[in-house]
Amino acid sequence: GRSVYTPLFSGVYWDMQDVALGDIDRIEVISGPGATLWGANAVNGVINIVTRSSAETQGVYLKAGYGDRQRSVTARYGGMLREGLTWRAYLKAFKDDGTRTSTGASADDSWYRPKGGFRLDWAASGRDAVTIQGDGYWGSRSQGAAPDETISGRNLTARWTRAGEGGSRLQVQGYYDRIARKTDAGGGSFWVDTYDLDVQHAFSAGGGAHQIVLGGGVRQAHYVIHGSAGLQFEPPSRTLGLVNLFAQDSIALSRALTLTVGTKLENDPYSGLSVLPSVRAAYKPAEPLLLWAAVSRAIRSPTPFDRDVVEKVGGLILLTGYADFATEKLTA
């Protein structure tokens, strides 16, 4: 439920992502454009990692590894405060020594990162469920001849879900996320604070022939970049706001044929209003076989790296971002 896609350069800082494998319920890989539900930058697909509730991770879990180049440990404990109210807390850490060159010398690329977090699940009633979870981490990496780099981050997510009549569901979720990186010896640093609020309502209509999802959300990301002598951003700080509304209807045309239509309206800080529709037909003549076809539209929106970057060599400007950098559009 929390996006790890950074608004700075249209990518993911993978060294900041680390989920304890024992806490994962499933990993969904949605192939193709997913902008109708997921918004801008969901161009080639979406990877959605769903973790297990604390009620499913009770008791003690411990995993440790030791080798001549790497040490790691994961420890988790889950408990119950009272009926319907469960929790878990974990600590995950590793340390990698520097790799060796062909001469046997250290490449000076060692790094380590401890991380910890918690999750609280409350089944408030037969209809309501509340989840609160958070993580925090810190790490340091050697980079050979280049200065060392440190990373840090923290996040907090709260989600309320209410189940209604006929399988309907209302979900309200908000999260806060901060990531930060710093390179020693004046190599530059940045931090990004992201605030997100999302509301979704799923229900059926037409005697169950229509499965409808309606929703919307707002997101604000504030960043500050302290550039290095050779790479700077002008301006060095911005607040990026994003607003979206979406609707999707899965229509059962027969027992084997389903038509899904939907669209998202998204107002991006750089590209303005975008319409992101999708139409998909799926035919399932037998249980092992599914035939489907879809037409979708997605965009990759500009970023500060596209528009605000300034690269200098010897004090002279070599490369600048383009103020009119356009949105990349895809019809698949």
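A salt bridge is defined here as a side-chain nitrogen of Lys or Arg lying within 4 Å of a carboxyl oxygen of Asp or Glu. Arg300 and Glu328 form such a bridge, with 3.7 Å between the closest N and O atoms. The model is predicted, and it holds 21 salt bridges.

**The Arg300–Glu328 pair**
- Arg300 belongs to strand β16 (residues 289–300) and Glu328 to strand β19 (residues 328–331), so their bridge ties together parts that are 28 residues apart in sequence.
- Arg300 is buried, because its relative accessible area of 17% falls under the 20% cut-off.
- Glu328, by contrast, is partly exposed, with a relative accessible area of 43%.

**Further salt bridges**
- Asp23 and Arg88 meet through their side chains in a salt bridge of 3.7 Å, N to O.
- This pair links distant parts of the chain, 65 residues apart: Asp23 sits in the segment before β1 (24–31), and Arg88 in strand β5 (residues 85–96).
- Asp23 and Arg88 are both buried.
- A salt bridge of 3.3 Å, N to O, joins the side chains of Lys95 and Asp97; Lys95 is partly exposed, at 35% relative accessible area.
- A network of salt bridges links Asp15, Arg141, Glu149 and Arg181.

**Surroundings of Gly136**
- Gly136 is placed in strand β7 (residues 128–143) and is partly exposed, with a relative accessible area of 25%.
- Leaving aside residues up to four places away in sequence, Gly136 touches Pro114, Lys115, Gly116, Gly153 and Arg154.
- Between Gly136 and Arg119 the C-alpha to C-alpha distance is 12 Å, at a sequence separation of 17 residues.

Note on methods: Residues are numbered from 1 along each chain as its sequence is written. This is a predicted model: local features need pLDDT of at least 70, side-chain atom pairs count only at pLDDT 80 or more; totals for chains, interfaces and linings use all residues. Side-chain values use heavy atoms; hydrogens and water are left out. Helices (H or I, at least four residues) and strands (E, at least two) are DSSP runs, numbered from the N terminus. Buried means under 20% relative accessible area, exposed over 50%, partly exposed in between (1.4 Å probe, protein chains only). Contact means heavy atoms within 4.5 Å.
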